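Me: I have a model open and want to learn how to read it. Can you take me through it feature by feature?

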Amino acid sequence: MTAHQTLLPPGWPRPRGYANGVAATGRMVFTAGVVAFDAHERIVGDDLGSQFRQVLINTLAILAEAGAQPEHIVRMTWYVTSRDDYIASLPAIGEAYRTLIGRHFPAMAVVEVAGLVEADARIEIETTAVVPPAGA
């Protein structure tokens with residue numbers, strides 16, 4: 001097995017934009033729920049698409065502190081305050097994802113919630129990454 005293996009049972013269609021499962025070997029790195037804060041803990045953007053971009057920027061900065069790169073992400077759980085806003089924002093979400101993470105698709109879940117602790121936040125994401133052992 002390589003450091004990361006996408007899990008796709010035989011006969012299942014390949015999902016678009018995520019993986020059904022991922023097996024990984026290495027050092028695990030976890031983020032808290034990350035929102036679209038700037039360096040002064042102010043929410044960046046008032047729409048889900050722009051907030052998503054900032055959440056990814058913040059997430060990648062946190063992961064980098066542990067030596068993790070975008071391709072080391074194995075799981076993301078997204079909490080959105082509106083399914084309708086999420087669907088309407090898919091073009092902006094896709095553009096930001098491709099720009100910042102590329103064509104790497106971890107296991108993902110998107111959950112609609114009634115609200116987030118940060119009142120102006122439209123999205124919050126928890127991420128798990130696995131940094132492969134040296135030489136893997």
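Reply: Start just after helix α3: there Gly-102 has a positive phi of about 90 degrees. Helices here are DSSP runs of H or I with at least four residues, strands are runs of E with at least two, and both are numbered from the N terminus. This is a predicted model, where local features need pLDDT of at least 70, side-chain atom pairs count only at pLDDT 80 or more, and totals for chains, interfaces and linings use all residues. Residues are numbered from 1 along each chain as its sequence is written, and side-chain values use heavy atoms, with hydrogens and water left out.

Me: Which residue other than glycine has a positive phi, near 60 degrees?

Reply: Glu-41, with phi near 60 degrees. Glu-41 sits in the loop between β3 (27-30) and α1.

Me: Is Glu-41 buried or exposed?

Reply: Take the scale before the case. Buried means under 20% relative accessible area, exposed means over 50%, and partly exposed is in between, with a 1.4 Å probe and protein chains only. Glu-41 is at 60% relative accessibility, so Glu-41 counts as exposed.

Me: What about Val-35, buried or exposed?

Reply: Val-35 is in the loop between β3 and α1. Its relative accessibility is 8%, so Val-35 counts as buried.

Me: Which residues is Val-35 in contact with, leaving aside neighbours within four places in sequence?

Reply: Contact means heavy atoms within 4.5 Å. With those neighbours left aside, the contacts of Val-35 are Ile-43, Val-55, Asn-58, Glu-118, Ala-121, Ile-123 and Glu-124.

Me: Back to α3. How do I read the sides of a helix?

Reply: An α-helix has 3.6 residues a turn, so residues three or four places apart point the same way. In α3 (90-100), the buried residues are Ile-93, Gly-94, Ala-96 and Tyr-97. They lie on the same side of α3 because they cover an arc of only 170 degrees around the axis. That arc is taken from the directions from the helix axis to the C-beta atoms.

Me: Which exposed residues does the face of α3 turned away from its buried side carry?

Reply: Pro-91, Arg-98 and Thr-99. As for the buried residues of α3, their cover includes α1, β4, α2 (83-88) and β5.

Me: What does Ile-101 touch, beyond its neighbours within four places in sequence?

Reply: Ile-101 lies in the loop between α3 and β5. Its relative accessible area is 10%, so Ile-101 is buried. Beyond those neighbours, Ile-101 is in contact with Leu-56, Leu-60, Pro-70, Ile-73 and Ala-96. Ile-101 and Ile-57 are 44 residues apart in sequence, yet 9.7 Å apart C-alpha to C-alpha.

Me: How do I read a nonpolar core?

Reply: In soluble globular proteins, nonpolar side chains tend to be buried together. A nonpolar core is a set of buried Ala, Val, Leu, Ile, Met, Phe, Trp, Tyr and Cys residues joined through side-chain atoms within 4.5 Å. The largest one here has 24 residues, and those with the most contacts inside it are Phe-52, Met-76, Trp-78, Tyr-97, Ile-123 and Ile-125. At least two residues each come from α1 (48-64), β4 (73-80), α3 and β6. The largest share, six residues, is from α1.

Me: Which residues does Ile-125 touch, not counting those up to four places away in sequence?

Reply: On that count, Ile-125 touches Thr-31, Ala-32, Gly-33, Val-34, Phe-52, Val-55, Met-76, Thr-77 and Trp-78.

Me: Now the largest pocket. How many residues line it?

Reply: First, the idea. On a 1 Å grid over the protein atoms alone, a pocket is an open set of points with protein on both sides within 12 Å along at least five of seven lines, and lining residues have an atom within 4 Å of a point. The largest pocket has 22 lining residues, with Arg-16, Gly-17, Tyr-18, Phe-105 and Met-108 nearest its centre. The elements giving two or more lining residues are β1 (4-7), α3 and β5 (107-112). The largest share, five residues, comes from α3.

Me: Where is Tyr-18, and what does it touch, not counting residues up to four places away in sequence?

Reply: Tyr-18 is in the loop between β1 and β2 (21-24). On that count, Tyr-18 touches Phe-105, Pro-106 and Met-108. At 35% relative accessibility, Tyr-18 is partly exposed. The C-alpha atoms of Tyr-18 and Met-108 are separated by 5.9 Å, though 90 residues apart along the chain.

Key. On a 1 Å grid over the protein atoms alone, a cavity is a set of points where a 1.4 Å probe fits but cannot get out, and a pocket is an open set with protein on both sides within 12 Å along at least five of seven lines; lining residues have an atom within 4 Å of a point.
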